Amino acid sequence: MPDHRPRVALLGSGELGAEQVAAFTRLGVEVVAVDSRPGGAAARIADAAEVVTLTDPEALTALLRRVAPGYVVSATDAVAAGALAAFEDDGATVAPSARNVRLALDREGLRRLAADELGLPTVPFWFAASATELAAIAEHAGFPMVVKPLVALPGEGQSVLLRPADVEPAWQRAVSVAGRITHQRVLAEAVVEIDYELTLLTVRGADATMSFCEPIGHRQLDGFAGSAVTESWQPQPMSQVALESARSIAARIVNALGGRGLFGVELLVSGDEVYFSDVTGWPTEAGLLTLVSQRLNVFDLHARAVLGLPLDTIMVSPSAAELTYGGADAARPGIDALAMALQVPETDVRVFTGSGRAAQRRLELTLATAPEVAEARDRVRRASSALRANAGGRSGKPDERER
């Protein structure tokens, strides 16, 4: 009997892509996992898998014509946006929009869209095409200043300029991010006093309706033995004025990008003032705590929005998470470490086994729920500490925040 299920071509087959495959599969969708490299986590559980250079527009176009999906869903920014635009013109659903995918590789274009075209509040920013130009900007704007690559994972290739001697190393760090598309331009931002950073998960449905999840606060922490840790929690307490501003900013940037799906809008908050920072048109690490905090997690919401199904962004419990990154040779926790961590009430641990394109790869995700967000953060901290103290090859030395 012919298979009449809707067909999705999922571009990007990493471990987060596997979660997206599972979300579509639960809705009865046929999923073809497409990636530039074979053997990705998503490819192992999808209905079919294809290998093609995602940044090659001709090769990607040929493959999509052969697969003939009704939906093309990108889970990576390393995609030929022109090929997706052609499929949009042919009537296929592309999520996020081809414009969003293009701007994911163009932080300059995205920031100018937000600030110049939409008039969204942003911190003062400049773009530099050389270390000399960056030095001139720093001399004019003053120190401190943050320098970022135009394309990078969160925090990757980022530096803080405190003095003129920092300019050249910051330039080299930003334009030499390993495993990424190289740009000989960087983003420089003034440093403003903020109270916290947050991600506002925004879901745009097929009829352009907008839904918002409870805000997610997050911060970077020092890890152990060269690792890095991102702590996140939901909900992030904030004033009603700030929350309304955040939702307004998110709605305006997401509507400008168009398409359907789940968008992670990155914001900086100081009191009631909210600044736009960035936006991503697919589930990323910031939303992983929704695996325990919401009735529908980010992958379920993305799948529903892409397919035009009803949405539900309700949070069922305050939660917190710690995502640990490390090098390729970093040890993963064993059974004894897991047993110690999972003794903490209402906790869960996800261990990542695949490799990533960045030097720092995901090692494990620790999750916790509680009646209050402060207690959830305490539980996830205790569980993560247990993993560190008992994992093979790791030091039991506590983090600075635990001393």
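The model is predicted: local features need pLDDT of at least 70, side-chain atom pairs count only at pLDDT 80 or more, and totals for chains, interfaces and linings use all residues. Residues are numbered from 1 along each chain as its sequence is written, and side-chain values use heavy atoms, with hydrogens and water left out. The secondary structure of the chain comes to 13 helices and 18 strands; helices (H or I, at least four residues) and strands (E, at least two) are DSSP runs, numbered from the N terminus.

**The chain as a whole**

- Of the 403 residues of the chain, 53% count as buried.
- Among contacts in the chain with a separation of 6 or more, 59% come from residues 24 or more positions apart; a contact means heavy atoms within 4.5 Å.

- Helix α6 (residues 107-117) packs on helix α9 (residues 240-257) at an angle of about 125 degrees, and their axes are 11 Å apart. Axes are lines fitted to C-alpha atoms, for helices over the stretch in contact, and angles run from 0 to 180 degrees between N-to-C directions.
- This angle makes α6 oblique to α9, given that angles under 35 degrees count as roughly parallel, over 145 as roughly antiparallel, 65 to 115 as roughly perpendicular and the rest as oblique.
- Leu110, Leu113 and Ala114 of α6 meet Ile253, Ala256 and Leu257 of α9 in this contact.
- By class, the contact of α6 with α9 has 6 nonpolar, no polar and no charged residues. Ala, Val, Leu, Ile, Met, Phe, Trp, Tyr, Cys and Pro count as nonpolar, Asp, Glu, Lys and Arg as charged, and the others, Gly among them, as polar.
- Just after α6, Gly119 adopts a positive phi of about 70 degrees.

- Strand β9 (residues 186-190) pairs with β6 in the antiparallel sense over 4 bridges, and Ala128 stands opposite Val186 in β9.

**Strand β14 and its partners**

- Strand β14 (residues 261-270) is mostly covered, with 8 of its 10 residues buried.
- Strand β10 (residues 196-204) pairs with β14 in the antiparallel sense over 9 bridges; here Leu201 stands opposite Gly264 in β14.
- β14 also runs antiparallel to β15, to which 7 bridges join it, and Ser270 stands opposite Glu273 in β15.
- β14 and β15 form a hairpin with 2 residues between them, and Gly271 in the turn has a positive phi of about 60 degrees.

Conventions. Pairing = 2+ DSSP bridges. Buried < 20%, exposed > 50% of the residue type's maximum accessible area, 1.4 Å probe, protein only.
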